Amino acid sequence: VLVLLICIAWGAWRSTRLSADGEGPSATETDAWNSGQIFLAGVIFLQMIAAGRLGDGWFPYLMLFAYGGAVVAAPALRRYRLAQRLRHRGIVEDERDRAIQADGMRWSKRTLEVLIVVGALTYTILVAHAGIALDARATAAAAFFPMFVANAIGNWRAAVLYGRDRR
């Protein structure tokens, strides 16, 4: 996860270069890069919660459900910000943004599907064959992990497509 975070941060840094026309990254491209980084940073905190590094008690559980809320609210927040920007520019609907967001969502969904299958296999091996019993925090963090990584991958794909479109 840390390697993915570094790669996305490097991509975000590279995206700040101006295109041949002297155009910088759009606000939606910057949002996509930032969202990808935030989701991967969230995965690191999920791993800390699952390992018990944040202690026992109600605080780790509160953080887990806050992260769950972030996953649920992120697409709606992204659509709202995009609609606000389009209205500010006087554009009713931007087909380019819709196509890029749709491709990013496809990547996110496929990543989520793969990670859920891999997670189910891993869980089965850990519990059935290795005899390791996971506590509630680790199970909840493991359930949120694929959603965060999938959202980060979807945002990465959208950011890359915005960058290609700009060039």
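**Close-up views of a predicted helical chain**

**View 1. The bend in helix H5.** Helix H5 bends by about 25° at Phe144, and within four residues a proline follows, Pro146. The bend at a residue is the angle between axes fitted to the seven residues ending there and the seven starting there. This is a predicted model, in which local features need pLDDT of at least 70, side-chain atom pairs count only at pLDDT 80 or more, and totals for chains, interfaces and linings use all residues. Residues are numbered from 1 along each chain as its sequence is written, and side-chain values use heavy atoms, with hydrogens and water left out.

**View 2. The span of helix H5.** H5 covers residues 136-166, and its end C-alpha atoms are 45 Å apart.

**View 3. The packing of H1 and H2.**

**View 4. The residues between H1 and H2.** In H1, residues including Leu5, Ile8 and Ala12 take part in the contact (heavy atoms within 4.5 Å); Trp33, Leu40 and Ile44 are among their partners in H2.

**View 5. The whole chain.** The protein chain has five helices and zero strands; these are DSSP runs, helices (H or I) of at least four residues and strands (E) of at least two, numbered from the N terminus.

Definitions and conventions. The expected span of a helix is 1.5 Å times one less than its number of residues.
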